Amino acid sequence: MGYAAQQLGIYTTYVPVITGFTTTPTINNARYTLVGKMCTVDIRLSATASNATTKTITLPFAAYGGAVTRVQGWVFNNGASTTGVLRIDTSAGSAVATLYRDGTGLAWTASGTADYAFSITYEIQ
């Protein structure tokens, strides 16, 4: 659905493509809302086995510009839970975001279990 068809303040669910896990995590929440060309996405996954030091997730729309965004969120990495800042990188023209487990760009552990929850607002094309 194009962004012009969205109503102000209405959340729409979507199914993101997620990488960096042995099996696809359970998506507890994946929704977005639009205000003009600003898209706010809320994500919450359930823990599953991690098999990579990088994690990606598709956003509902391609980003207008590339950005390094730090957001408040929740991370579970290799059995350790933290609440704090996550880093989410977007690229111009792409709907794929790369996630890091802290604000400095710290890689994930490629073993154990991992999951995350966050909300991000970004400009769409």
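**Buried threonines and a nonpolar core**

Modeller: T56 counts as buried because its relative accessibility is 17%; buried means under 20% relative accessible area, exposed over 50%, partly exposed in between (1.4 Å probe, protein chains only). This is a predicted model, in which local features need pLDDT of at least 70, side-chain atom pairs count only at pLDDT 80 or more, and totals for chains, interfaces and linings use all residues. Residues are numbered from 1 along each chain as its sequence is written, and side-chain values use heavy atoms, with hydrogens and water left out.

Biologist: In which strand is the place of T56?

Modeller: Strands (E, at least two residues) are DSSP runs, numbered from the N terminus. T56 lies in strand β6, residues 55-58.

Biologist: Which side chain does a polar contact join to that of T56?

Modeller: A polar contact is a pair of N or O atoms within 3.5 Å; within protein, one must be able to donate a hydrogen and the other to accept it, and residues adjacent in sequence count only if both atoms are side-chain atoms. The side chain of T56 is joined to that of T19 at 2.3 Å.

Biologist: Is T48 buried or exposed?

Modeller: T48 is buried, because its relative accessibility is 12%. Its side chain makes a polar contact of 2.9 Å with the side chain of T23. T48 and T23 are 25 residues apart in sequence, yet 7.0 Å apart in space, C-alpha to C-alpha.

Biologist: How many residues has the largest nonpolar core?

Modeller: A nonpolar core is a set of buried Ala, Val, Leu, Ile, Met, Phe, Trp, Tyr and Cys residues joined through side-chain atoms within 4.5 Å. The largest one has 27 residues, and β10 gives the most to this core, with 5 residues.

Technical notes. Helices (H or I, at least four residues) and strands (E, at least two) are DSSP runs, numbered from the N terminus.
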